[in-house]
Amino acid sequence: AVPQAAPGLGQAGAGAAVQVGPCAVLPDTAGHDEKVRAVFEELDMNQNKVVEAEEFKRAFKVLHFDLSGATVLDLFNKADTNKDGVVAFQEWQRFAEMYPTLLDSLYFRARDYWEDHRQKEEIKARREEMEAKKNAERHAGIVHMEAQHRTNQQEKRLAAAEQALSEIVDAEREAKARLLEGQRDTEGALRERGQRAQDLEVARERERQRTLAHHEAQKETDRTEQILQWQEGEQAAALDKERQCAQVVLEAQRETERCRRLEAEATADLSSAKEREQHANLALLEQRRQTEQAQDRLNQADLELAQRIQRAKEIEARSEEATAATEAEKHRRNEEETFLQTARAREQQAHMHHLESTRAVEDQDKKVVAHEGERTAALQRRKQVEEQEKPLLEQEVRLREQRDSLEEKEARLRNEATVFHGARSRASPSPFHSSPVKLG
């Protein structure tokens with residue numbers, strides 16, 4: 001059974017979704033009946049089971065037959081044996097028997113027509129695919145450029161982050177150096193304060209010792225005054241004894257002299273004690289002044305120590321802030337580096353996609369060029385075949401015309417002979433009833 005043919009010749013318009021004709025299923029070695037059926041279905045463009053004159057002429061035009069319109073119309077009239085204006089399949093079978101070369105030419109040209117249409121559609125699809133790949137390539141190029149731009153921006157941000165990190169690390173290092181210096185200053189201030197506190201303790205101890213010495217001098221002065229008072233009392237008693245006892249004048253004088261010496265010694269001792277008391281008082285005042293100076297130095301040391309401790313705390317706070325800022329900047333730098341790696345990976349992926357798109361476009365272009373070359377070669381071969389077919393078709397048409405002319409003459413002669421013999425038979429008596437004719 002012959003497969004159902006596709007829409008007829010000439011219905012493969014631009015952009016139309018046309019099925020492949022019978023050429024896709026009939027081989028080069030198709031039999032005569034298969035060719036008759038296939039060509040008839042190709043000529044029957046509106047699929048009404050008959051071939052109309054317009055369809056016949058259109059098929060010869062589409063298939064590039066170099067025949068005049070009169071010749072084509074004459075061929076159609078010869079195919080339309082019952083002269084009803086259309087060619088039925090039985091009429092077409094008879095016509096194909098009379099024009100086998102024309103049948104082969106119609107069959108192979110129809111097959112080549114659909115093959116060319118398939119190639120054009122394939123080339124069109126390849127071109128559309130190539131255009132899509134070009135668009136994909138352009139898009140990939142844009143994506144690659146954007147990825148490169150993002151990578152460059154990310155590299156700049158990473159460089160800025162590294163610069164900021166370097167500055168923050170330097171600031172942290174400087175803050176730590178100031179912190180160590182402040183700690184050393186604080187330790188020095190603590191040592192100095194301890195030394196001044198020790199000096200204050202020593203001065204206070206000296207002040208206590210000198211206060212004790214001053215008290216001892218005062219006590220000694222008081223004892224000396226008491227002795228002097230006692231000596232004065234003894235002297236007064238001695239004078240009284242001198243007045244009372246004249247007899248013991250000498251003894252009393254001696255006693256008085258002794259008392260006077262003792263009184264002079266007591267007076268000297270009192271002067272010496274007062275002098276020592278005065279010296280002790282001066283030393284106590286000096287020591288108190290030194291103690292006050294030591295207390296002032298200690299207070300100054302406490303103030304400086306408090307200031308240095310405050311500065312050390314501030315430096316430590318700034319150092320902690322610098323450390324926190326360094327950690328935050330390191331984290332941000334690591335994030336920027338991660339983003340850069342991601343951007344580079346995306347750029348590499350976009351670059352590979354762009355290269356693949358470029359290679360795909362080049363491959364598709366080669367395929368399109370190859371298909372166009374194949375189609376061009378096929379068209380050239382088809383043109384050569386058509387040029388070779390032309391004299392054969394003209395010869396077949398001419399021979400068929402001559403044969404038809406001879407057949408018409410033969411039929412006319414036969415008709416004339418039949419008419420002549422009929423007339424003669426009517427004019428002459430039957431040889432069975434007439435008498436023999438005598439020849440001159």
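**Overall architecture and local packing of the predicted chain**

Of the 440 residues in the protein chain, 30% are buried (under 20% relative accessible area, with exposed meaning over 50% and partly exposed in between; 1.4 Å probe, protein chains only). The structure is a predicted model, in which local features need pLDDT of at least 70 and side-chain atom pairs count only at pLDDT 80 or more, while totals for chains, interfaces and linings use all residues. Residues are numbered from 1 along each chain as its sequence is written, and side-chain values use heavy atoms, with hydrogens and water left out.

The secondary structure comprises 6 helices and 2 strands (DSSP runs of H or I with at least four residues, and of E with at least two, numbered from the N terminus). Along the sequence, these elements follow the pattern α-β-α-α-β-α-α-α. The C-alpha trace spans about 265 × 35 × 30 Å along its principal axes. The radius of gyration of the protein chain is 73 Å, whereas a compact globule of 440 residues would have a value near 22 Å (taken over C-alpha atoms; the globule rule is 2.2 Å times the number of residues to the power 0.38).

Helix α6 contains 179 residues and reaches 250 Å from its first C-alpha to its last, close to the 267 Å expected at 1.5 Å a residue (1.5 Å times one less than the number of residues). A bend of about 30° occurs in α6 at Glu389, and a proline, Pro391, follows within four residues; the bend is the angle between axes fitted to the seven residues ending at a position and the seven starting there.

In helix α4 (residues 89-98), the buried positions are Phe89, Glu91, Trp92, Phe95, Ala96 and Met98. Viewed down the axis of α4, these buried residues fall within an arc of 165° and so line one face of the helix; the arc is that of the directions from the helix axis to the C-beta atoms. Gln90 and Glu97 are exposed on the other side of α4. The buried residues of α4 pack against α1 (32-43), α2 (53-62), α3 (69-79), β2 (86-87), α5 and α6 (249-427), where contact means heavy atoms within 4.5 Å.

Gln154, located in α5, counts as buried because its relative accessibility is 5%. Not counting residues up to four places away in sequence, Gln154 touches Glu336, Phe339 and Leu340. Ile142 also lies in α5 (residues 100-244) and counts as partly exposed, at 44% relative accessibility. Ile142 and Ala350 are 208 residues apart in sequence and 9.1 Å apart in space, C-alpha to C-alpha.
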